[in-house]
Amino acid sequence: MTTVLAFDMGASSGRAVIGRLGPVPDGTQKLVVTEVHRFPNHAIQVGDHLHWDILRLLHEMKKGIRLAFQNGHSPSTFGIDTWGVDFGLLDANDELLGNPYHYRDSHTEGLIEEVSGLVGEEALFLQSGLQFMPFNTLYQLYAMKKAASPKLDIAQTLLLTPDLLTYLLTGIKSCEFTMATTTQLYHPGTQEWNAELMEKLGIPPRLFMEPVHPGTIIGPLTPAVTAELGVPALQAVAVGTHDTESAIAAVPAGDEPFAFLVCGTWSLLGTEMLQPLLSDETLQLNFSNEGGVGETYQLLKNIMGLWLLQECKREWDEQGQETSFPELVKMAEQAAPFRSLIHPDDPRFFSPGGMVGKIHAFCEETNQPLPQTKGEIIRCILESLALRYRQALEQAERLTATQFPGLHMVGGGIQNQLLCQFTANALGKPVWAGPIEASAIGNMLMQLVALGECKDLREARQLVAASFPIDVYEPDSDASWTNAYEAFIGFGIV
Ligand code: ADP
Ligand code: LRH
């Protein structure tokens with residue numbers, strides 16, 4: 001029996017999950033997962049900026065380690081995955097300089113256009129493979145440069161969030177490849193940091209460490225942490241530290257090309273490749289090539305995702321009317337279909353706050369009735385997301401000249417069965433949903449690879465298929481989805 005511990009830090013919550021690999025009565029090996037700790041993760045506004053509460057996350061992770069042992073588990077390794085792009089800076093004494101910015105902070109507004117003006121949009125795409133998103137690390141650092149941030153002047157090392165958390169537990173600084181490729185500063189052609197681009201933008205190249213690949217052992221917890229928690233010196237492993245890449249590693253796909261949708265705060269829809277696809281069409285359709293585990297590249301699009309629903313829920317909860325996710329889904333189910341649609345990737349929906357008002361404004365501008373009740377608003381979001389998934393899947397098919405037989409959905413959002421069914425209906429193709437805790441499972445898989453318990457990504461995916469059930473959603477043949485898609489495409493957003 002091999003036991004590992006995965007920390008999966010999403011933008012809305014974090015969890016510590018134990019994975020045990022061992023034989024089952026039929027003689028095969030299975031992975032069994034047990035959640036030992038779950039905690040909320042919030043953005044915090046401090047003055048003009050939005051930050052992560054990184055020390056609270058460290059505190060909760062320590063609690064997770066303690067609870068794992070108290071509950072009788074004895075993991076030998078741990079791995080950390082988090083959302084992409086964000087980072088902390090260390091000074092010459094290796095101390096953290098301030099609270100890391102949240103990727104939804106407004107300091108990067110307008111910088112895509114400014115940087116494209118300096119470097120050229122096509123050149124930037126060919127040198128990074130990434131879609132243009134305002135929060136990419138590049139724009140965050142450029143914003144600090146423009147603000148003459150003294151932190152940037154004195155920083156010696158940049159650690160992306162999972163590497164920062166690993167450092168705070170082990171004292172070892174590292175840089176993991178999948179996260180490095182979310183920065184827009186890593187060159188997919190040369191497979192090196194793009195120092196030339198950094199110099200052009202005034203970003204100091206000294207900050208960046210040589211990336212290591214998922215499956216590399218980093219080192220043990222510090223003696224201070226083991227003494228504080230009363231646990232042995234677990235070894236940290238560099239997993240697919242970008243949560244999206246860990247989730248894709250846990251898609252129970254076989255050897256054929258497949259399409260995936262990682263469904264959480266964000267929706268990431270795409271397909272797995274062996275090389276980045278740096279075509280003109282990839283640039284036009286605003287797809288990313290993100291480094292994946294097992295020497296893969298993931299051709300994918302960021303879709304605003306369940307953030308839309310989370311923000312409406314937050315607004316209503318703050319008004320004192322708490323409603324759970326399952327209750328909201330039930331209300332949506334009872335609401336009338338196709339009353340009004342939004343385009344989830346209209347930029348107005350990106351920043352926190354006022355989500356119901358933003359949805360109303362979108363509907364008003366597009367001459368649609370305003371969804372009023374909670375059920376109407378959530379139904380509008382879910383139908384619109386499902387139509388956006390069809391649009392993105394068709395784009396992925398066009399880019400790769402492949403017809404996918406269906407869509408694998410993974411992540412917390414698949415607990416929303418209405419969304420899974422809407423997605424199958426919108427696509428006219430089956431949806432295979434599972435596992436829910438894909439990022440934590442993918443995280444564990446690379447620990448198992450590091451420990452020699454799993455040979456490679458292919459074997460790891462076979463283990464997922466053998467260990468976790470999949471729910472199948474067959475499409476309803478209903479012409480209203482085709483009509484709604486035509487209206488949706490009319491919004492004109494690629
Ligand atoms: P993150 O990107 O923060 O890691 P998750 O993968 O945990 O996100 O997914 C969180 C989302 O899953 C929530 O925003 C919510 O929309 C959805 N969700 C979670 N639990 C349920 C549930 N019981 N029923 C329906 N939807 C749920
Ligand atoms: C999803 C995710 C996504 C990034 C975003 C910042 O959690 O990692 O892949 O683009 O967060």
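**Figure 1. The shell around ligand 1, by residue class and by origin.** In this predicted model, the shell around ligand 1 is made up of eleven polar residues, six nonpolar residues and no charged ones. The shell counts 17 residues, and those that come nearest to ligand 1 are Gly-10, Ser-12, Gly-264, Thr-265 and Gly-412. Two elements give two or more residues each: helix H12 (307–318) and helix H13 (325–334). Of the elements, H13 provides the largest share, with three residues. Both domain 1 (2–238) and domain 2 (252–434 + 455–494) supply at least three residues to the shell around ligand 1.

**Figure 2. The shell around ligand 2.** Ligand 2 is surrounded by 14 residues, of which Trp-83, Gly-84, Asp-243, Thr-244 and Trp-266 are the closest. Sorted by class, this shell has seven polar residues, six nonpolar residues and one charged residue. Ligand 2 lies between domain 1 (2–238) and domain 2 (252–434 + 455–494), because both domains give residues to its shell.

**Figure 3. The two domains and the contact between them.** The protein chain is divided into domain 1, residues 2–238, and domain 2, residues 252–434 + 455–494. Taken over C-alpha atoms, the centres of the two domains are separated by 25 Å. Domain 1 puts 24 residues into the contact, and domain 2 puts in 22 residues. On the side of domain 1 that touches domain 2, the elements giving two or more residues are strand S3 (29–40), helix H3 (121–128) and helix H7 (177–180). The residues on that side of domain 1 divide into eleven nonpolar, ten polar and three charged.

**Figure 4. Helix H2 packed against helix H4.** Two packed helices are described by the angle between their axes and the distance between the axes. For helix H2 (residues 111–119) and helix H4 (residues 137–146), the angle is about 90° and the axes are 10 Å apart. H2 is therefore roughly perpendicular to H4. From H2, the residues in the contact are Leu-111, Ile-112 and Val-115, and they meet Leu-138, Tyr-139, Tyr-142 and Ala-143 in H4. The contact of H2 with H4 has seven nonpolar residues, with no polar and no charged residues.

**Figure 5. Helix H13 crossing helix H15.** Helix H13, which also gives three residues to the shell around ligand 1, is shown here with helix H15 (residues 374–400). Their axes cross at roughly 85° and come within 7 Å. This angle makes H13 roughly perpendicular to H15. In H13, Leu-328, Met-331, Ala-332 and Gln-334 meet Lys-374, Gly-375, Ile-378, Arg-379 and Leu-382 of H15. By class, the contact of H13 with H15 has five nonpolar, two polar and two charged residues.

**Figure 6. Two spans annotated in UniProt.** An unreviewed UniProt entry places the feature "domain: Carbohydrate kinase FGGY N-terminal" at residues 4–247. That span, residues 4–247, is 34% helix and 26% strand, and its end C-alpha atoms lie 17 Å apart. The feature "domain: Carbohydrate kinase FGGY C-terminal" is placed by UniProt (unreviewed entry) at residues 260–451.

Technical notes
Residues are numbered from 1 along each chain as its sequence is written. Chains are lettered from A and ligands numbered from 1 in the order in which they are written. This is a predicted model: local features need pLDDT of at least 70, side-chain atom pairs count only at pLDDT 80 or more; totals for chains, interfaces and linings use all residues. A residue is near a molecule or strand if its C-beta atom, placed from the backbone, lies within 6 Å of it. Helices (H or I, at least four residues) and strands (E, at least two) are DSSP runs, numbered from the N terminus. Ala, Val, Leu, Ile, Met, Phe, Trp, Tyr, Cys and Pro count as nonpolar, Asp, Glu, Lys and Arg as charged, and the others, Gly among them, as polar. Domain bounds come from an automatic or database domain assignment. Axes are lines fitted to C-alpha atoms, for helices over the stretch in contact, and angles run from 0 to 180 degrees between N-to-C directions. Angles under 35 degrees count as roughly parallel, over 145 as roughly antiparallel, 65 to 115 as roughly perpendicular and the rest as oblique. Two residues are in contact if their C-beta atoms, placed from the backbone, lie within 7 Å. UniProt positions are given in the numbering used here, feature names are shortened, and annotations may be inferred rather than shown by experiment.
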